[in-house]
Amino acid sequence: MTGLGDKAQEHNVTIELAEENCKELFLLCEESLLVRAIRNVVQNAIEAMPDGGIVGIQCLKAGDSVVIRVTDSGRGIDEQRLRYLGLPYYCTKEQGIGLGLMISSKIIQDHYGTIAIASELHRGTVVDITLPAYR
């Protein structure tokens, strides 16, 4: 993702993009907004790994939907905190202001999609952005 390379390098993070399925899947969307939402999720993943790691991005077909999955091998998020993610000004980062995920969630909802977050402490996080496929 353009512009995130420097941040990834700064955190010793590798971004692995599995493109093979992405070329066959289509979305009807406002591209710049969707890129912004995904960028926010990827940036969060990078920042969750201050000691380095891997961020994976892949596209999956799920029925009439496309799932964009972002995974990280970071520190994970406590189960008690997961329910608050996406609320205005709630942030798990010291330097964050808690608006990135809220904005991303709104963009995804405006595209008739959902965002689901699963995480395990010390193992990482999986964010699934599910959007209607364009036929």
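## Handedness first

A crossover counts as right-handed if, with the strands pointing away from you, the path from the first strand over the helix to the second runs clockwise. Keep that in mind for this predicted model, where S1, H2 and S2 make a left-handed β-α-β unit.

## The sheet

Let's start with the strands. Five of them form an open sheet in the order S1-S2-S3-S5-S4, and the pairing is mixed. The edges belong to strand S1 (13–18) and strand S4 (114–120), each of which pairs on one side only. Going from one strand to the next, the twist averages 15 degrees.

As background, strands of a sheet pair through backbone hydrogen bonds, either parallel or antiparallel. So which sense does each pair take here? S1 and S2 go parallel, over six bridges. S2 and S3 are antiparallel, with eight bridges. S3 (residues 65–72) and S5 (residues 124–132) also run antiparallel, joined by eight bridges, and seven bridges hold the antiparallel pair S4 and S5.

## Who faces whom

Helix H2 (residues 31–47) lies across S1, strand S2 (53–62), S3, S4 and S5, and runs at about 25 degrees to S3. Helix H4 (residues 100–110) packs on the sheet too, touching S4 and S5, and its direction makes about 140 degrees with that of S4.

H2 has 17 residues and reaches 24 Å from its first C-alpha to its last, close to the 24 Å expected at 1.5 Å a residue. Which residues of H2 are buried? They are Leu34, Ala37, Ile38, Asn40, Val41, Val42, Ala45, Ile46 and Glu47. Here's a handy bit of background: an α-helix has 3.6 residues a turn, so residues three or four places apart point the same way.

H2 and H4 also pack against each other, at an angle of about 145 degrees and with their axes 9 Å apart. Their crossing is left-handed. On the H2 side the meeting residues are Leu33, Leu34, Arg36, Ala37, Asn40, Val41 and Asn44; on the H4 side they are Gly100, Leu101, Ile103, Ser104, Ile107 and Ile108.

Most residues other than glycine have a negative phi. In the hairpin of S2 and S3, which has two residues between the strands, Gly63 takes a positive phi near 65 degrees. The hairpin of S4 and S5 has three residues between its strands, and His122 in that turn has a positive phi of about 65 degrees.

Two loop residues are worth a look as well. Asn12 has a positive phi of about 60 degrees although it is not a glycine, and you'll find Asn12 in the loop between helix H1 (5–10) and S1. Tyr112 likewise has a positive phi of about 60 degrees without being a glycine, and sits in the loop between H4 and S4.

Are these two buried or exposed? Exposed means over 50% relative accessible area, so Asn12 counts as exposed because its relative accessibility is 56%. Tyr112 counts as exposed because its relative accessibility is 72%.

Methods
Residues numbered from 1 in each chain as written. Predicted model: local features only at pLDDT ≥ 70, side-chain atom pairs only at ≥ 80, totals over all residues. Heavy atoms only, no water. Pairing = 2+ DSSP bridges. Helix = DSSP H or I, 4+ residues; strand = E, 2+ residues; numbered from the N terminus. Axes fitted to C-alpha atoms, helices over the stretch in contact; angles between N-to-C directions. Contact = heavy atoms within 4.5 Å. Expected span 1.5 Å × (residues − 1). Buried < 20%, exposed > 50% of the residue type's maximum accessible area, 1.4 Å probe, protein only. Left-handed = near helix turned anticlockwise from the far one by under 90°.
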